[in-house]
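Please keep the structure open while reading.

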Amino acid sequence: MKNILVIGATGQIGSELTLKLREIYGNTHVVCGYIPSAKPRGELRESGPFEICDVTNPEQIATVVLKHHVDTIYNLAALLSVVAEGRPQLAWKIGIDGLWNVLEVAREHECAVFTPSSIGSFGPETPRNNVPQDTIQRPTTIYGVSKVTTELLSDYYYRKYGVDTRSVRFPGLISYVTPPGGGTTDYACDIYYSAVRGEKFTCPIGKGTYMDMMYMPDALRACVELMEADPYRLIHRNAFNIAAMSFDPEGVFNAIKKYKPEFEMDYDVDPLKQANADSWPNSLSDVAAQQEWDWKAEYDLDKMTVDMLAKLREKLIR
Ligand code: AKB
């Protein structure tokens, strides 16, 4: 049985991943690592162990790892792309200094490590469509620079020290549970909240701007399946392209309108978000993930829309 530490467990991915990992590996085997300004609540707090674990504090990480006999760390602490652009030094401190801390603890205590990368690790020189697994990255955002560094440092620790590091490049993630905070792709989540609340949606990303997106259940499954994958089949490690759907604002608007014909949207483009989105590709190829660990997304835009609308109706309208 694995003993897992999730760092950043109260964030958008962590709050759902921690519960999924508890379902799979047992409640007592998955530690919710949090910082005091983002305390766990509800089921996250009640269903299993929780510990203060700041990624910028190596002693704290080591203490939790030793206390709970941790052998696998999901390192989810990071600033999303828009927030990172406003605070580049903090983004680096959390994303890269934090990663060094995690990798050093992992090296000493023989832990496997998952640290997500993103479609934001690509830049304007990357091919626009169906981006291959191995290609030019050269991002222009601090978020992207830190994600490429994450990929390289994680591969370095695997090659030099044998630390079992693995990762995926997440698309924009859409979920009805914990809203994202400060990302470029947040609109794709926010639009569903507006639709269910019966409000008009003002989109901060321009018409015709395509980005890869994924429904959270697929994203969580990707984390677990990659960490369970047979290491002898893995040619790549940090980080795999994964894909489910690519759409622009009109695409998701029309998907929602099919079920809510009265829904309305207009545009007020945010220059920072638009610049980030313009520097990222339209769509990724996930062939390497399919070949090396049998990755396959289950949700397309329509299937996700039906589920998001139903789940948000339950959550917001009682
Ligand atoms: C963001 O928009 O910053 C993230 C991402 C695509 O990595 N959702």
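The residues surrounding the ligand are Leu-80, Ser-81, Ser-118, Ile-119, Tyr-143, Gly-183, Thr-184, Thr-185 and Trp-280. The model is predicted. In it, the ligand sits in the largest pocket.

**Ligand contacts**

- Ser-118 places a polar side-chain atom 2.7 Å from an oxygen atom of the ligand.
- Thr-184 contributes a polar backbone atom, which lies 2.7 Å from an oxygen atom of the ligand.
- Thr-185 has a polar side-chain atom 2.9 Å from a nitrogen atom of the ligand.
- On its own, the ligand has 260 Å² of accessible area, and the protein covers 94% of it.

**Helix α10**

- Helix α10 spans residues 271-279, and Asp-270 caps its N-terminal end.
- In this cap, a side-chain oxygen of Asp-270 is 2.9 Å from the backbone nitrogen of Leu-272.
- The buried residues of α10 are Lys-273, Gln-274, Asn-276, Ala-277 and Ser-279.
- These buried residues pack against α4 (81-86) and β11 (211-215).

**Asp-307**

- Asp-307 is part of helix α12, which covers residues 301-316.
- Asp-307 counts as buried because its relative accessibility is 18%, and the cut-off for buried is under 20%.
- Leaving aside residues up to four places away in sequence, Asp-307 touches Tyr-176 and Tyr-215.

Definitions and conventions:
Residues are numbered from 1 along each chain as its sequence is written. This is a predicted model: local features need pLDDT of at least 70, side-chain atom pairs count only at pLDDT 80 or more; totals for chains, interfaces and linings use all residues. Side-chain values use heavy atoms; hydrogens and water are left out. Helices (H or I, at least four residues) and strands (E, at least two) are DSSP runs, numbered from the N terminus. Buried means under 20% relative accessible area, exposed over 50%, partly exposed in between (1.4 Å probe, protein chains only). Contact means heavy atoms within 4.5 Å. A polar contact is a pair of N or O atoms within 3.5 Å; within protein, one must be able to donate a hydrogen and the other to accept it, and residues adjacent in sequence count only if both atoms are side-chain atoms. A residue is near a molecule or strand if one of its heavy atoms lies within 4 Å of it. Accessible areas come from the Shrake-Rupley method with a 1.4 Å probe; for residues, only the protein chains shown count as cover. On a 1 Å grid over the protein atoms alone, a cavity is a set of points where a 1.4 Å probe fits but cannot get out, and a pocket is an open set with protein on both sides within 12 Å along at least five of seven lines; lining residues have an atom within 4 Å of a point. A molecule sits in a cavity or pocket if more than half of its atoms lie within 2 Å of its grid points.
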